[in-house]
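This report describes a few local features of one protein chain. Please look at the sequence and the structure before reading on.

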Amino acid sequence: MRYAETGYNLEVDLSRGSIERVETDPRLTELHLGGLGTNAKILWDRVPPETEPFSPDNLLIFGTGLLCGTPAPGCNRTIVSTISPQTLLMAYSMMGGFWAPELKYAGYDKVIIRGKSPDLVYLWINNDKVEIRDASHLRGKGAIETSEIIKHELKEPKAQVSSIGLAGENRVYFASIEQGRSSASRAGIGAVMGDKGLKAIAVRGTKDLNIARPAEFINFCNDILKYIKHRASNPIPGVMPILAGLGSPQEMAVHDEKWHTENFAWGNARHRRKNFWNEEIAKQWTHTMESMRTRLISCYNCPMKCGGTISVPGLPTYMMKCFSKLTYTMAAMSDLDFGLRIAQRATEYGVDAFSTPQVMAFALELYEAGILTDQDMQGMPSENEGRFFWLLDRIVRREGIGDVLANGTHWAAEKIGKGAEKYAHNNIKRHEQLPLKLGMLNPIYFLMYCTGEKINITQIEGQFPQAPFPTREEREAFVKDWIQVPNERFKQYFLDWELRGEKSIPFYPSIEATCEIVDWQERMHYIDDALGLCAGLSSFPLKPPYHIHNFPTMISLATGIDMDEEGLTRTANRNRTLLRALNVRRGLRRKDEKPPEDHWKNRFPELETKLLDEYYKFKGWNNQGIPTKESLHQLGLDYVSEDFKQRGILSENQETASQETSAETEKK
C-alpha cells in the first residue's frame, strides 16, 4: 500500500489525444519525496537539453507535493514544472489553493502534459473518468472567467480549475496559470500551457488517502496548529510586519507599507522614494484596503489568511496574492487604488505580477529616452495610469510594440537595440526580479540571487533574519527559543552580527558562515517544494512551526519511510543538485550567475568572486558551478555524471570542457 501519495500519474498526450493512468515507482519517492523532486527527475529522463520550450516534446508537469491532501496544515502546493521560454532553463512555480489536494483525491499525484492540441481544449478529471474536452468557446476568456464557465458547464461547483488567460494563449513569456486563490506565475509556464493548446485543467476527486500511522500523525498536526496559534499571539518584535508572524506572507493583512514603499524601488526598479510614507498616505492606503478588500482567505487546510478577495467598484471580484498588491502601484509611481484596479485585469489576462509591471515601466523608460518613438507608441494615452492599461492590453494581445514586450525585458531589449539593454537592468538569467535596489552588498543575498535555480529571491530567503538586530540584548532574546536552527553555530552567527563595524556587511557573516546560512535556507525550500508545503509555514518566516528537526518525524508518520535529519538533508541536496544538473545540461554556467550591475550601490568584486568560489566548493561543484563526479556519486546521481561526460560537459579530470559555453547564447 502507498501512503500519503496515490502511486499514480496521469499522462496526457495532446497531439495524439491519449490519456493514460501510469503507476509510479515507490523507489523514486524514497529518493526524491515528491513534488519538485520527482518533477525534476521526469524532466531529466524525458526532456533532452536540445528541446525548445515550445516544442511538442517539452513537458508541462503539474505535480502535487508528497503530503498534499493529508491533514498536515499548509500542505496544498502544486509544483508546475517545464522548460521556460523566458530563461531557456527549467522553470518551476508553485501555487496554493485547493487544486493539488483535489488531484490527490481524484487518484493522481501528477498530471504530465506533452504534445500540442490542434484545437483549444481543456482537461476534465473526475476521479477515474478523464476527458479532453473542446474549449473553443473559451478562447480569449479571462482565467477566472474560464474557471467559472467550466464549473457551470460541468455542473460541478466544487471542481478546482487551473486555467490561463489571453496572455497564455498568446504565449506571453511571463504568462501565469491562475487557480482560484493562487497562481503559478514565474518564468512563463502559462505560455507553455497555451502553446500546447490547453486552456484549463478541471479536477474533482472524492477518494481517500492512506496515512502510515494516522493517530500519531494527527497528534503531530495538532502540535503544529498549537504552535501556529502561539505565534499568532506572540509576534516577533523588532522586525517588519510581514516577518513578525507566519504566512506566505500575510501581505494582504498589512496596512503599514512604509518599509516596502521606501526600500523597494519604483518605476523600472530604479528609484527609491525616501520619505514617501506619511500620515496622509497611510490613511489613504488604509481606506483603500479596507473598502476594497472584502475578506482575508486561506488555502486548503491552512489557518493562515494570506490572500484577500478584492472588490473594486465596477469590476469583478478577484483574489490578490501577497506583494503583487504593490507591484503595479510602484511601477507606475501611483497609488494603491490604481494597483488594485489594474491587478484585476492582469489577473484575468493571466500574467506574472512581478515581471509585468516592470516590463511596462521599462517600455515607458525607453519612450522617455527616445529609444521607443511616437510611432512605436501610437495611440498611447498621455496620462500615466492610462499608459499602463494601454501597454498591458497590447502586451497580452501581442499587438504592435506589445509583441516585442511580451517576451520580457531581456529579449525585448535585444530586439529593440539602440541601447535598450542598459534599461533591462533588473534581470537575473533573463528573468525580471523583485523591484529592489540595495545600498551595500549583502553576502547572503548575493549568493541567493546568483545561484538559486528558481530565479526568484522570495523562494530562497528564509529562516535566518534578513538583517542584524540593533543591540546584543535583542539578539540574545531572539536566539533563546530559536529551536529551528540546524545547530548552535547559527545562533552564534546571528549573535555576532552587528549593524556597523568589523562584524557588519559586506564582510560579515564570513564567507564560510554565509555558505552555511544560504545552504540551510535553500534546503528548507527544497523540502517544502517536495512535500507541497507552503513556504509561509516553513522556509520563509522566522521561527516557523516546521523545521529540519521535526520534518523527519512528519514524513515518517505520513509515508512510512524511515527518515532522519541526515537522510532528509541528503534528499534535499539530491533534488537541488538534480535541478542544477538540468540547467547545466541546458547551458547554465558561472558567468550567468551574477546580479544586475546596479542592484547594490556598493559592490565588492573580489569578495563576490570569493563567495562564488567557496559556495561552489561547499556544494560540491567545480569552478563553473557544475556538480563534480564525486558529489554526484555521493548523492546517488551517477547517471548525471555519465551524461555530463558523454556530452563533454565534464572531462575525466573534472574540468569543464573547453567547448562549453554560457547559457547566455543567442536565442533560437
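## A buried arginine in a loop

R589 lies in the loop between α22 (565-585) and β19 (600-602). The model is a predicted one. Is R589 buried or exposed? Buried means under 20% relative accessible area. R589 has 3% relative accessibility, so it counts as buried. A polar atom of its side chain lies 2.9 Å from the backbone oxygen of V584. R589 and N623 are 34 residues apart along the chain, and their C-alpha atoms are separated by 9.3 Å.

Strand β4 covers residues 78-83, and six of its six residues are buried, so the strand is largely enclosed by the rest of the structure. T78, V80 and T82 point one way from β4, while I79, S81 and I83 point the other way. Residues on both sides are buried.

β4 pairs with β3 in the antiparallel sense, and β4 also pairs with β5 in the antiparallel sense. In the second, T78 stands opposite M95 of β5. β4 and β5 form a hairpin with six residues between them. In the turn of this hairpin, L88 has a positive phi of about 65°.

| Strand pair | Bridges |
|---|---|
| β3 (residues 60-64) and β4 | four bridges |
| β4 and β5 (residues 90-95) | six bridges |
| β13 and β14 (residues 307-310) | four bridges |

## An open sheet and a helix across it

Three strands form an open sheet in the order β13-β14-β15, with antiparallel pairing. β13 (293-297) and β15 (318-321) stand at the edges, and each has a single partner strand, so one side of each is left without a neighbour in the sheet. From one strand to the next, the twist averages 30°. The bridge partner of L296 is G308 in β14. Helix α12 (residues 336-349) lies across β14 and β15 and runs at about 105° to β15.

## The buried side of helix α18

Which residues of helix α18 (residues 472-479) are buried? They include R475, F478 and V479. These residues cover an arc of only 90° around the axis, which puts them on the same side of α18. An α-helix has 3.6 residues a turn, so residues three or four places apart point the same way. The buried residues of α18 pack against α19 (489-495).

Key. Residues numbered from 1 in each chain as written. Predicted model: local features only at pLDDT ≥ 70, side-chain atom pairs only at ≥ 80, totals over all residues. Heavy atoms only, no water. Buried < 20%, exposed > 50% of the residue type's maximum accessible area, 1.4 Å probe, protein only. Helix = DSSP H or I, 4+ residues; strand = E, 2+ residues; numbered from the N terminus. Pairing = 2+ DSSP bridges. Polar contact = N/O pair within 3.5 Å; in protein donor to acceptor, adjacent residues only side chain to side chain. Arc of directions from axis to C-beta. Contact = heavy atoms within 4.5 Å. Axes fitted to C-alpha atoms, helices over the stretch in contact; angles between N-to-C directions.
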